[in-house]
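Look at the model first, then read on.

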Amino acid sequence: MSNEMPALMEMARPSAQEQQRVEALRAQLRNANYLYYAQDAPELSDAAYDALMRELRELEERFPELLTPDSPTERVGTEAVNLFAPYPHRVSMLSLDNAFSADNLRSWEDRLRRQLGAGPELAIEYICELKIDGLSVNLTYENGQFISGGTRGDGLTGEDITPNLRTISALPKQLRPLSSRASNGDNSVIPLSEGAEAVPTPGGQGVPARIEIRGEVFMSHREFARINGEAEEQGGRTFANPRNAAAGSLRQKDIAVTAKRRLDIFLYAVGECEGWTFQSQHDLLQAYRVWGLRTNPNVRVCEGIEQVIEFCDEWSGKKGELPYDIDGVVVKVNSFSLQRELGQVSSRAPRWAIAYKYPALQVRTRVESIEVQVGRTGALTPVANLTPVALAGVMVARATLHNEDEIRRKDVRIGDWVVVQRAGEVIPEIVEVVKGERTGDEIEFAMPANCPSCGAQVVRAEGEAVLRCPNEECPKKMHERIRYFASRMAMDIEGLGDKQCEQLTQVGLVRDVADIYALTKEQMLSLERMGDKLATKILDHIEGSKTRPLARLIAGLGIRHIGEHSSEVLASHFGTLEKLAAASVDELAGVFEIGRRTAESIRAFFDEPHNQRTLSKLHKAGVRPQSHDSAPHSDRFAGKSFVFTGTLIRLKRDEAETLVKHLGGRASGSVSKQTSYLVAGGEAGSKLTRAQQLGIPVLTEDEFLQMTEDITEESDLA
Ligand SMILES: [Zn+2]
C-alpha cells in the first residue's frame with residue numbers, strides 16, 4: 001500500500017520499542033478483561049483501562065501493520081466463563097467508541113457527515129442518554145412474554161442468567177400491549193412522539209412477535225451501601241463499587257442471593273426485532289415506556305453536536321446528584337434509517353453512536369519513593385512521590401498515604417503501580433495497588449523511628465494511628481506552625497509565606513509564633529530576595545495582625561483538633577483568650593460542638609509550659625485580639641460576589657467561601673448578573689455555561705488564589 005503514498009508521506013514504521021509497547025498493552029488488557037469479565041475482580045479502574053485501550057488503538061491506527069485480529073481492540077470482552085449456559089445473541093452486542101472531549105464529539109460529527117456525503121449544512125438529530133455504569137444484558141421477549149436473558153460476554157455469546165434476571169422487580173415478565181393503553185380500547189396505533197409513529201406489523205397484538213431488548217443492570221448507591229454494610233458486619237467480602245456489586249449479584253449461582261440484592265435496570269436498545277418497526281431511538285424509548293419497561297428519564301433529542309456538548313456539560317455538573325453511577329453520556333444518531341445508512345465499523349462498534357466519557361478522576365502511575373513529612377502538630381505523614389501523571393487536567397506527582405496502618409492495609413511498596421484518585425481533596429489519594437504488575441523488586445516501607453527533621457525519637461499515642469515528633473523545638477514543626485499562624489486561615493499576615501517562614505526558622509530568628517512580633521527590619525532584610533519596601537510592608541502587616549479577631553488567634557495557635565470552625569465557636573463562647581486558657585476540661589466539653597477529646601486537647605495545650613511562655617510573649621508583644629465578632633479582617637473583596645463551581649483542588653469549597661468572607665466579599669450559590677466572578681474547578685457544569693452566557697469573568701482556582709495573595713506585589717509596585 002505504500003506504493004500509492006507520495007514519497008514525502010512515507011508510511012511510518014513502528015520502532016522496536018513501539019512494537020514492544022503494543023504487545024505489553026495487549027497483555028495488560030487481556031489480563032484486565034479476564035479479571036473484569038470472568039472473575040468480577042477488576043484490578044484496573046475503568047479510567048485506567050480506557051487509557052490503555054486508547055493508547056493501543058492509537059498505536060494500531062498509526063501502524064496498521066501491527067493490527068492483528070486477536071487484538072483486544074477488535075473484541076468486546078473475553079469469552080464467557082463456563083459457569084452458566086452459553087447465551088448466543090441473535091444480533092451481536094456491539095461496544096461503543098469513546099469520546100473524551102467536546103472536540104472528539106465535533107470530529108465524530110464531521111466523520112458522520114463525510115460518510116453521508118453531506119456538507120456542514122446537514123443538521124443531524126442526535127439523542128443523548130446517560131451512560132449507566134452497570135452490566136449490559138440482553139433480554140428476549142416473545143409475544144410480550146419474558147423468555148430468557150443473558151450477559152453480553154464477548155458480544156456474540158454471553159451467559160444465560162434468566163433465573164437471576166427474573167428476580168429484578170423492575171423487569172416486567174410481560175409487556176403491556178399498546179392496544180390496552182389506547183383509551184377507546186380498539187387496536188388503533190397510539191402516536192409515540194410528534195411526527196412519527198410506531199408501526200406494528202399487520203396482525204401485531206400491540207407487542208412485537210419477538211424482540212431482543214438491551215439494557216443495563218445496575219445497583220443504586222443506597223443498595224450498595226446496605227449490602228456492603230451487612231457484609232462488613234458479618235465479616236464478609238465487600239464490593240469495591242456499585243458496578244462490581246451489580247455484576248457479582250447478577251452472576252450468582254444461588255438465585256436466593258441475587259433476589260436479596262435489589263438490582264435495578266434501565267432498557268435502551270434493541271437487537272433482533274420481529275413484528276415491529278421503530279422510526280428512531282426516541283420512538284424506541286417511548287415504546288419501551290408504554291410496554292412497561294423501565295427507561296431512564298434523562299434523555300434529550302439534540303439538533304447538532306453543540307447541543308449534545310451542552311447536554312454532556314450539564315450532566316458533568318449534575319451527575320453527583322443521581323442515586324446511581326453514570327460514567328458518561330451515550331450519543332446516538334436518532335433516526336434509525338440514518339443509523340442503517342451509517343452502519344458499523346468492522347464487527348466492533350456502530351458508526352452512529354459514541355460514548356462520551358467524563359474525564360477520569362482515577363489514573364494509574366508508579367510510586368517512585370515514599371517520604372515522611374512533619375506537620376505542625378508533629379504528626380509524621382508518609383507521602384508517595386509518584387511518576388507525574390495528568391489527572392482531570394492537573395499533574396499529580398504526590399499522594400498522601402495518611403499513616404503507617406494505611407500503608408500496611410493497602411500494602412503500598414516503593415516501585416508499585418497504583419491507582420490514584422482525586423476526590424475534591426487537596427492531595428490525591430492512592431486507592432489500590434495493582435498487584436498484578438509486581439516484579440518482586442518492590443521495596444516495603446517502614447516508618448522511621450526518628451523525626452526526619454530533628455532526629456527526636458517518635459512516639460505513638462495510645463489508640464492513635466499517627467506517629468509524632470514530641471520535640472517542641474523541632475525546626476520543621478516550628479516552620480509549619482509559623483506558616484499556619486501567618487496563613488489566611490489564621491492571622492493572615494500578608495507577605496509572610498512558606499519560603500519566608502522556612503528561612504526565619506532555619507536561621508533561628510523565629511522559634512515560636514510570638515517571635516514574629518520581635519522581628520526587626522535589619523533581620524527581615526537578611527532574608528533572600530527581600531527588598532526594603534517589601535520588608536516594611538511585611539512588618540506593617542505583622543503589626544496589623546495584633547488586633548485580629550480572637551478566633552483567628554485561636555486558630556493560629558495550632559491546638560490539636562481545633563480548626564477554623566471550632567475556633568469561632570470557642571471565641572464566641574469565651575470572649576477572651578484569658579477565659580479560654582482558664583477553662584476546665586468539663587467547662588470546655590460543655591460548649592456546644594466541642595467534644596471531650598477536643599476539650600482535653602485544649603486543656604493540655606494551655607497547661608504545656610512551652611505554650612504558656614509563647615502566650616505570655618504574645619501578650620508582651622502587644623497582641624490584643626478583638627473579642628469575637630464576625631467582621632471581615634480585610635476589605636480586599638468589598639462589593640465583590642463570588643460563585644464557586646466544580647471541583648477545587650487546593651481549597652475545600654467552604655474554605656474558599658470563608659476566605660471570600662474574610663476578605664470582605666460575598667460568596668453565593670448561584671450565578672446571576674450581580675456575580676463578579678465565577679471560580680470554576682474541574683468538571684464545572686451548568687454554572688459555567690450560565691456565567692459564560694452572562695459574560696461574567698471566569699477564574700481558575702489558581703487565579704482566584706492569586707487574587708487573594710496579590711496585594712503584596714501590588715502595593716510594592718504602587
Ligand atoms: Zn522533629
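**Words and the values behind them**

Q: What share of contacts in the protein chain, between residues at least 6 apart in sequence, join residues at least 24 apart?
A: That share is 68%. The model is a predicted one. Each contact counted has heavy atoms within 4.5 Å.

Q: How many helices and strands are there in the protein chain?
A: There are 26 helices and 28 strands.

Q: What makes a residue buried, and what part of the protein chain is buried?
A: Buried means under 20% relative accessible area. Such residues make up 47% of the 718 in the protein chain. The protein chain still exposes about 34,300 Å², with 49% of that supplied by carbon and sulfur atoms.

Q: Why is Asn 143 called exposed?
A: The cut-off for exposed is over 50% relative accessible area. Asn 143 has 56%, so Asn 143 is exposed. Its place is in the loop between strand S4 (135–142) and strand S5 (145–151). Asn 143 also has a positive phi of about 45°, although it is not a glycine.

Q: Where is Asp 411 found?
A: Asp 411 lies in the loop between helix H12 (404–410) and strand S19 (413–414). Its phi is near 55°, a positive value in a residue other than glycine.

Q: How do you know that S16 and S17 pair?
A: Two strands pair if DSSP finds at least two bridges between them. S16 and S17 (residues 379–391) have seven bridges, so they pair, and the sense is antiparallel. Val 374 stands opposite Leu 380 in S17. The two strands form a hairpin with four residues between them. In the turn, Gly 378 has a positive phi of about 85°.

Q: What makes S16 and S20 a pair?
A: Strand S16 (residues 362–374) and strand S20 (residues 417–421) are joined by five bridges. The requirement is at least two, so they pair, in the antiparallel sense. Arg 364 stands opposite Val 419 in S20.

Notes. Residues numbered from 1 in each chain as written. Predicted model: local features only at pLDDT ≥ 70, side-chain atom pairs only at ≥ 80, totals over all residues. Heavy atoms only, no water. Buried < 20%, exposed > 50% of the residue type's maximum accessible area, 1.4 Å probe, protein only. Areas by Shrake-Rupley, 256 points an atom, 1.4 Å probe, with all protein chains shown as cover.
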